[in-house]
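Here is a short report for a first look at one chain. Keep the sequence and the 3D view side by side as you read.

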Amino acid sequence: MHVQEWLETVPAVSIYLLVGLVIGLESLGIPLPGEIILVSSALLASQHGEIDPFILGACASAGAIIGDSIGYAIGRKGGRPLLAWLGRKFPRHFSEGHIATAERSFEKWGMWAVFFGRFVALLRIFAGPLAGVLRMPYWKFLIANVLGGIIWAGGTTAVIYYVGIVAESWLKRFSWLGLVLAVLIGLTSMLVLKRKAAKAQSAVREAETVGASE
């Protein structure tokens, strides 16, 4: 049973809560498939009238904004030791290379890193906590967080929902393609970030080696 088949057995209210909770926890800094859950729920909404796409988009947006805000508060209080702890708990997501890549993005783009990070699978996990650790002014973080959360969550819900309405008969037989597409996009973004993170980690090690030799 894949995600959408399982969601079909869940009441509409539970789906709203599930989407908000999963996206909120992912935004807080816990690696979860928030985008896959959102895409599956939006596709399901296009096929079943019990699920209101506006409520679904609102719950997803709220989860994204609240989760990122909590992540920011935790990161601001926990500081660098928090990143070290996350690296031990989730080494594949919070490795030194990944953190170095994310830090460079924040230093270069500032609040825009929070905004655009919402659209990249791995950066969605980093954005809140890292913004707090780097002491980004909260008003800048809040603006980027709210705009990014609404546009990403609301936009994803709207696009998938209306695509499902237009191609309902086709999607009923091949609904899994929406999930496959979401997974492929997520994997591609993760591979790109992984490559950049490896380069960043290599650069850090070279700098440390040069410093030690001097």
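How many helices and how many strands does the chain have? The chain has 10 helices and 0 strands. Helices (H or I, at least four residues) and strands (E, at least two) are DSSP runs, numbered from the N terminus. From that end on, the elements run α-α-α-α-α-α-α-α-α-α.

This is a predicted model, in which local features need pLDDT of at least 70, side-chain atom pairs count only at pLDDT 80 or more, and totals for chains, interfaces and linings use all residues. Residues are numbered from 1 along each chain as its sequence is written, and side-chain values use heavy atoms, with hydrogens and water left out.

**The chain overall**

Of the 214 residues in the chain, 44% are buried. Buried means under 20% relative accessible area, exposed over 50%, and partly exposed in between (1.4 Å probe, protein chains only). Contact means heavy atoms within 4.5 Å. Take the contacts between residues at least 6 apart in sequence: 82% of them join residues at least 24 apart.

Helix α3 is mostly covered, with 13 of its 14 residues buried.

**Helix α2**

The buried residues of α2 are I15, Y16, V19, G20, V22, I23, G24, E26 and S27. An α-helix has 3.6 residues a turn, so residues three or four places apart point the same way. Just after α2, G29 takes a positive phi of about 130 degrees.

G24 sits in α2. It counts as buried because its relative accessible area is 11%. G24 touches G63 and G67, leaving aside residues up to four places away in sequence. G24 and G63 are 39 residues apart in sequence, yet 4.1 Å apart in space, C-alpha to C-alpha.

E26 also belongs to α2. Its relative accessible area is 4%, so E26 is buried. E26 touches L32, G34, E35, A121, R124 and I125, again not counting residues up to four places away in sequence.

**α2 against α7**

Two packed helices are described by the angle between their axes and the distance between the axes. Axes are lines fitted to C-alpha atoms, for helices over the stretch in contact, and angles run from 0 to 180 degrees between N-to-C directions. The axes of α2 and helix α7 (residues 121-133) come within 6 Å and cross at roughly 70 degrees. The two helices are therefore roughly perpendicular to each other, a term for angles of 65 to 115 degrees.

Which residues make the contact? On α2 they are E26, S27 and L28, and on α7 they are A121, R124, I125 and P129. These residues divide into 4 nonpolar, 1 polar and 2 charged. Ala, Val, Leu, Ile, Met, Phe, Trp, Tyr, Cys and Pro count as nonpolar, Asp, Glu, Lys and Arg as charged, and the others, Gly among them, as polar.

**Aromatic rings**

The whole structure holds 8 aromatic pairs. Rings of Phe, Tyr and Trp (its six-membered ring) pair if their centres lie within 6.5 Å; planes under 30 degrees apart count as stacked, over 60 as edge-to-face and the rest as tilted. Y161 and Y162 form an edge-to-face pair, 5.2 Å centre to centre with 80 degrees between the planes. Y161 is buried, with a relative accessible area of 16%. W112, F115, F116 and F119 form one aromatic cluster.

Conventions
Angles under 35 degrees count as roughly parallel, over 145 as roughly antiparallel, 65 to 115 as roughly perpendicular and the rest as oblique.
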